[in-house]
There are 2 protein chains.
Amino acid sequence: MVSITQLFGSYGANCKLDSFNDEMKFFAKMSILDWCGVAYAGKKEPVSKIVSQMVMEELGVNQARIISTGHKVSSRGAALANGATGHALDYDDTHFLFVGHPTSSALPAALALGEELDSSIEDILLAYMAGVEVSTRIGHILGYSHYNAGFHQTATSGSFGSTIVASKLLNLNESQTINALGLVSTRASGIKSQFGTMGKPFHAGMAASNGIEAAKLSKLGFVSRDDGIECEQGFFQTHGWNKEIPPRAIENLGTEFLFPEIKYKFHACCHGLHSFLEALDELKKVNNFNPETIKEIQIETNPTWLKVCNIEKPKTGLESKFSYKLTAAMSIYGNDTSDLDSYNDGVCFEDKMVSLRDKVNIIPNDKLTDTQSVISINDGSQVIKNTHDLSNKIEKNILENKIINKSVSLLSKSKSELISNMLSKPKSNNVSSLVDCLVS
Amino acid sequence: MVSITQLFGSYGANCKLDSFNDEMKFFAKMSILDWCGVAYAGKKEPVSKIVSQMVMEELGVNQARIISTGHKVSSRGAALANGATGHALDYDDTHFLFVGHPTSSALPAALALGEELDSSIEDILLAYMAGVEVSTRIGHILGYSHYNAGFHQTATSGSFGSTIVASKLLNLNESQTINALGLVSTRASGIKSQFGTMGKPFHAGMAASNGIEAAKLSKLGFVSRDDGIECEQGFFQTHGWNKEIPPRAIENLGTEFLFPEIKYKFHACCHGLHSFLEALDELKKVNNFNPETIKEIQIETNPTWLKVCNIEKPKTGLESKFSYKLTAAMSIYGNDTSDLDSYNDGVCFEDKMVSLRDKVNIIPNDKLTDTQSVISINDGSQVIKNTHDLSNKIEKNILENKIINKSVSLLSKSKSELISNMLSKPKSNNVSSLVDCLVS
């Protein structure tokens, strides 16, 4: 089949004024004159006033900061940029019921709009929790039929979540909030075929920005539908939903929470390596391995991962993120696998690292699920073995330590502590102090 | 079925901080701390820099004007607002192959970005023509299977068209333009269930804004796919496409043009009334009807319209737009049916108008298509008859006169002439002069 993208893209790039015949030019001019009249006359319509008002309020108001540059722009704009930034590394949290990354859109929406409104951390905490609980449940309803049809919940369901976030922060009443969800039903988009491109992290920004837009428009009186999600040809029906509503998605709303089933990434490398790295971390806590005396390391893993992250002799930092053997050696030598900087070209060629790397053997085991692994280390005197399953629940105190360690390595100790303290005293801190930590 | 929109909308509006249990609060704080680290570390990633850069350039630059307020905002923002404004009356052009309104997104994108770049009218004419030709062809490929699946080409295919518009104005090269189309494949959205709400005109703004966003990001180095439209789980496959490519949609691209099959609305009322009003306009040109002596007017129309626009005794301006009988009387009395202001509460109760209205008889005729009508007027001495089919091509000089008349009634004579002159001398006029006419 002809590539439509390329056909029309090349045409657009190469056509010139004299490529168009007089017929085309005549109708173009007619349409322009026609549109001008219709648009001029349409200026008095409520929808024109409302959308214009929302955009006008973005004018030079310096609402919220872009964290990667520190510039203040519209909160819609900051949410778009910061959403993409937060998901750029694909190192953020994941929810298996949501089928994607709930925080990646809800939090940048909360931070951007919260900064505009000078909200407290408590305000955004409430908005964020309401948003991620709703988006987790909507993501769960959309489920794998939506995902397998080609849509990306991070973008689509994320838009509903950030609409709730923004509606809370703007203090929308019930009908305004319902209406905002109805409106975002026609704005939410995002397809999985963008995976592997910048389109994927952009999805988080789109969702964050869509939510702010929908809630602001609804507050200004924009009228959409109060059933936009589930109506005939609404969002669900048009986006691969299998017409089933899993009971957990709608039951006990407000009293039970699905969001706490959230999972975190603790290693800045391919997800396929996380299970064995966890098993190894546990072993390291009770064993003092001497890398020099280790005779062999065996890693058993589900065979599907062998095509994904089994580069035997990685040569670059990027390749090191997809190597069982090298990351095993790095972990034994105490290199911090949660730190992005640990994965560099140099480590691939360190003599001691290469030597230990070549003592690692990878054993496919189809009895293991893709979240399970077994590691066995022959330290010269005995064989020490451990298993891990990423789907197991982690004790809260252990989890908290891991997240604090991760944030220290990514943010610095002082910033991590500052943010932790703000989250402990949410009432007495405002959003802009938190954004300060991310900007500087 | 439970209303999902209302369930989650009410929940969001009503939940409070103490509605959340400690488990939820713990994981919320963990996720926030986790995201902060990941986002902070992600600031160096190319996608973060690119999206941030695009949004940052919107900062206080006063790129383009909102026509309904005159304020300068970002060109993305102006396109969003002006797109909604131009489609607010649903009085703009329509293309049956596109299945929607191609100008409604392409032109506001051209005006907003053109104003930012200080382009000439010639520049935007080229960009606009390339954009509407592409969006007409893509709309045609998506066809009725996309439309019947619930999507609205004005929003979806319009996004591809405005991407071409913006790519031309930004002088993107071939691969950048293809990449921009690939990116907008994940941003394009818009569902038909929003019809009857402000969501419909908003679709035109969404599409206009999406195109500027995609082209700007592509220019800044954002990497998406070069086959985003047609790839496995790309835009086409995920949005109700029937996997057929009508030959006209891809053949003779650049040498033959589909856009000139565009249709215009010349009466500011329900589309169902347009056919007979055209037939009547033709009769009026060669007959001098005396409303006082008319004995009967018969209008034959396709029966489907009787449920749509046959209000026998309209009582409001809005109702008058859906009345065969009253609009026939208005037209005979010389009230301008292309002028929005002609449709008011007063005209519904004018004695002479009501008297003539009651001499009109509507005859359903299922041998007529929904674009055809027959009108017969008994003027007291003879019966004069005419037929009309909206799908017939209109002579260019007649069409031009009609569009000029329409634009005079909507814009004023002086503005209509100013814009016509600019379109005749596109090289020596710039976009901001055209926007001046729309703002003031």
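Residues are numbered from 1 along each chain as its sequence is written, while chains are lettered from A and ligands numbered from 1 in the order in which they are written. Because the model is predicted, local features need pLDDT of at least 70 and side-chain atom pairs count only at pLDDT 80 or more, whereas totals for chains, interfaces and linings use all residues.

**The two chains**

Colour chain A and chain B separately. The same surface serves both copies, since 100% of the contact residues of chain B recur in chain A; two residues are in contact if their C-beta atoms, placed from the backbone, lie within 7 Å.

**Domains of chain A**

An automatic or database domain assignment divides chain A into domain 1 (4-42), domain 2 (64-264) and domain 3 (271-389). The centres of domain 1 and domain 2 of chain A, taken over C-alpha atoms, are separated by 36 Å.

**The interface**

Show both chains again. Chain B gives 149 residues to the contact and chain A gives 149 residues. On the side of chain B, the largest share, 19 residues, comes from helix α2 (residues 22-42) of chain B; helices here are DSSP runs (H or I, at least four residues), numbered from the N terminus. This side of chain B has 80 nonpolar, 47 polar and 22 charged residues. Ala, Val, Leu, Ile, Met, Phe, Trp, Tyr, Cys and Pro count as nonpolar, Asp, Glu, Lys and Arg as charged, and the others, Gly among them, as polar.

Next, select α2(B) together with helix α16 (residues 396-411) of chain A. The two pack at an angle of about 20°, with their axes 8 Å apart. Axes are lines fitted to C-alpha atoms, for helices over the stretch in contact, and angles run from 0 to 180 degrees between N-to-C directions. α16(A) is therefore roughly parallel to α2(B) (angles under 35 degrees count as roughly parallel, over 145 as roughly antiparallel). Among the residues that meet here are A:Leu399, A:Ile403 and A:Leu410 in α16(A), and B:Phe26, B:Met30 and B:Leu33 in α2(B). The contact has eleven nonpolar, two polar and four charged residues.

**Helix pairs within chain B**

Select helix α5 (residues 103-116) and helix α7 (residues 156-169) of chain B, which pack at about 25° with their axes 8 Å apart. α5(B) and α7(B) are therefore roughly parallel to each other. The residues that meet include B:Ala106 and B:Leu113 in α5(B), and B:Gly161 and B:Val165 in α7(B). This contact of α5(B) with α7(B) has seven nonpolar, six polar and no charged residues.

Finally, select helix α4 (residues 75-87) and helix α9 (residues 199-219) of chain B, where the angle is about 150° and the axes are 6 Å apart. That makes α4(B) roughly antiparallel to α9(B). Among the residues in contact are B:Arg76 and B:Leu80 in α4(B), and B:Phe202 and B:Ile212 in α9(B). The contact of α4(B) with α9(B) comprises eleven nonpolar, six polar and two charged residues.

Note on methods
Angles under 35 degrees count as roughly parallel, over 145 as roughly antiparallel, 65 to 115 as roughly perpendicular and the rest as oblique.
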